[in-house]
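This briefing covers a chain-chain interface and a ligand shell. The model comes first, then the notes.

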Amino acid sequence: MPKLSDIEGVTLAERFELAACLQCGRCTGGCPMSIRSPLNSRKFLYESLIREDGEALLEREEVWDCTSCRTCSSRCPRELDPAMVMRAVRTVKIEGGRIPKTLMDAMESSLKHGNPWGRSRMKRTAWAEGITVNSIEEDAESERLWFVGCTPAYDPRAMGMAKALARIFEVAGVDYTTLGSEEVCCGSEMLRAGEEGLFEELSEVNKENFAELEFAEVVATSPHCMNTFIADYGLDIPVTHYTQLLAALAAEGKLPFGGESEEVKVAFHDPCYLGKQNSIYDAPRNVLKAVPGVELVEFARSRERSLCCEGGGGRMWIEGMGEGERNAQIRVRDAIEMGVDVIATACPFCLLTLEDAVKTTGSEGKIRIFDIAEIVVNSIDGSERSE
Amino acid sequence: MKIAVFVKHVPDVAEADLEVAADGRTLKGAGLPFEMNEWDRFALEEAVLIKDEVGGDLTAFLIGDEAAEESLRRCLAVGADRAVRLWDEALSGANPFEIAAAMRGAVGDDNYDLILCGAQSSDYGYGMGGPLLAEALGINSVALVNKMKVEGSKVLVTRELEGGWGEEVEVNLPAVISIQTGINEPRYVSILGIKKARKKPIDVLDGAGVDLSSEGGKLVVESLQAPPLGEGAEFLEGSPEEVAERCLALLKEAGGVL
Ligand code: SF4
Ligand code: SF4
């Protein structure tokens with residue numbers, strides 16, 4: 001079994017300068033998981049200080065509950081980075097090989113098939129059958145790459161995002177191309193789950209693709225892909241989220257929204273990787289406000305204080321130890337109490353966790369979950385395309 | 001204890017559109033991702049667990065070409081002390097008897113106390129490698145083992161039978177045990193682990209000394225065909241919920257199940 005103290009030859013406490021920790025608990029106070037899981041970052045840091053090398057932390061399974069939302073790190077008055085401590089512990093656990101089976105499958109699939117969903121590379125473009133999607137495989141050249149992402153490409157529900165975006169780009173005349181079946185997983189979740197080696201393998205492939213095809217700009221469907229391109233890839237080209245592109249198109253009047261429409265009350269759920277981690281709060285709201293008939297309302301916990309849906313940090317493939325109501329369920333209940341018709345979001349993981357929560361809280365028929373791209377298409381084409 | 005494990009590098013055919021090659025007797029393998037055979041992952045894990053428990057050294061064997069070394073590196077990454085790969089062009093498309101002769105050749109004069117292998121491979125699924133190797137070595141063999149414990153010069157094993165039944169067998173070493181899935185929980189092998197293992201040597205043997213002459217005729221594949229399309233198949237379309245509901249209705253209609 002590898003040891004925590006083996007990381008770069010220093011202890012966890014030294015590596016993350018934990019002696020500076022005040023034990024104030026602001027990190028834990030902001031942690032979306034601490035309410036319902038044994039995960040407690042303040043205590044975790046304390047343990048790694050008082051134990052000589054913190055090895056006992058390797059026994060703590062709650063490290064898998066962390067969603068890597070980074071609320072803890074953003075709130076620490078000493079600028080410490082508890083989220084990175086969690087990741088470091090995960091990395092050592094991964095080297096030891098004893099990790100949740102579902103996560104293991106996702107990692108092996110990412111290496112073998114280039115996606116964490118256990119699906120064949122050959123089926124990566126199946127979502128695009130019968131609709132207009134530009135692709136380098138059909139010689140569509142562009143300086144703008146639309147990075148579709150694994151979940152929008154493979155998950156039957158999240159596919160709605162990819163289809164909606166392809167339709168919007170078509171009607172708005174957006175110049176773009178996709179990598180088709182050459183696209184591989186961005187590696188964001190694998191890195192955050194602690195599999196640094198796998199992230200490197202995946203990111204190398206993408207970086208080579210980006211450089212070879214001389215893209216000048218990348219637009220991502222998922223805030224997770226976008227974030228890792230910005231935070232971890234070190235690209236020298238701008239990377240944006242699709243909501244930023246749609247907001248610009250809306251401002252230029254290039255989105256041909258349908259005229260007549262019923263009033264719908266929509267609450268926007270800020271994805272952590274879009275909001276908290278990249279401060280993109282206004283673009284998604286501006287798109288929603290531009291859609292005729294949408295009345296945008298705010299959750300009590302929104303923007304910087306938004307409640308994490310628990311889908312990040314590899315959690316899409318980790319059951320976790322958390323008990324009681326899931327954050328996404330809380331979100332759905334809150335929205336219903338607010339009299340909201342639709343929760344809008346802009347992330348495939350949020351979309352799936354919220355859809356799940358509608359079912360597990362028995363709220364079908366009371367509220368609907370849509371991605372912003374789907375809401376835009378509903379208005380443009382006048383039909384609901386979410387199913 | 002001297003322990004050996006045999007692993008195979010196989011194509012992953014889930015979701016693949018398989019086609020019979022022009023010779024009518026083999027499958028087109030191009031474009032398929034390859035990985036360690038599922039059963040062998042359990043055999044490898046069991047070998048490592050046994051080594052950790054009783055001590056000794058572990059040698060991993062593989063019959064395959066250079067591309068197949070990836071599976072041997074996984075063995076080295078999780079604790080194999082040595083890796084041996086044997087290959088000869090004459091072995092491409094070989095039948096299980098020929099493969100077993102190659103396995104026997106790879107083992108050579110080294111007397112292993114315990115040899116583990118997967119109960120079958122996910123590509124051709126003959127399930128003959130282990131028993132044939134034991135036969136060639138003249139040692140004991142137990143197949144489809146889903147529980148085992150080494151005790152001195154014996155192994156206590158449980159063989160999986162039909163319907164959830166198990167048969168307990170006590171077998172003297174040396175022996176070849178072929179492992180059923182589910183016997184343990186194979187660990188994750190990190191990319192870093194595999195990369196480190198790239199620095200460890202792999203002994204490469206050619207087929208010299210492996211006599212295939214009497215094996216080739218024992219089993220000959222005449223032709224390979226895709227199963228004929230069945231009549232009356234119905235593809236269920238719609239959202240997962242709709243498909244599940246339709247499934248339920250169909251099962252109720254058909255009776256006997258629900
Ligand atoms: S917020 Fe910072 S200083 Fe306070 S307990 Fe957490 S890590 Fe320590
Ligand atoms: S990253 Fe988020 S989930 Fe993880 S410990 Fe910090 S606040 Fe909690």
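Across the interface of chain B and chain A, 14 residue pairs are in polar contact, both residues at pLDDT 80 or more; a polar contact is a pair of N or O atoms within 3.5 Å, where within protein one must be able to donate a hydrogen and the other to accept it, and residues adjacent in sequence count only if both atoms are side-chain atoms. The model is predicted: local features need pLDDT of at least 70, side-chain atom pairs count only at pLDDT 80 or more, and totals for chains, interfaces and linings use all residues. Side-chain values use heavy atoms, without hydrogens and water.

**Chain B side of the interface**
- The elements giving two or more residues to the side of chain B that touches chain A are α1 (38-54) and α5 (191-197) of chain B; helices are DSSP runs (H or I, at least four residues), numbered from the N terminus.
- α5(B) gives the most to that side, with four residues.
- The residues of this side divide into seven nonpolar, three polar and 11 charged, where Ala, Val, Leu, Ile, Met, Phe, Trp, Tyr, Cys and Pro count as nonpolar, Asp, Glu, Lys and Arg as charged, and the others, Gly among them, as polar.

**Salt bridges**
- Chain B and chain A share 10 salt bridges (a side-chain nitrogen of Lys or Arg within 4 Å of a carboxyl oxygen of Asp or Glu).
- One salt bridge joins the side chains of B:K195 and A:E201, at 3.7 Å from N to O.

**Extent of contact**
- Chain B contributes 21 residues and chain A 22 residues to the contact (heavy atoms within 4.5 Å).

**Ligand 2**
- The shell around ligand 2 has seven nonpolar, three polar and one charged residues.

Technical notes: Residues numbered from 1 in each chain as written. Chains lettered and ligands numbered in written order.
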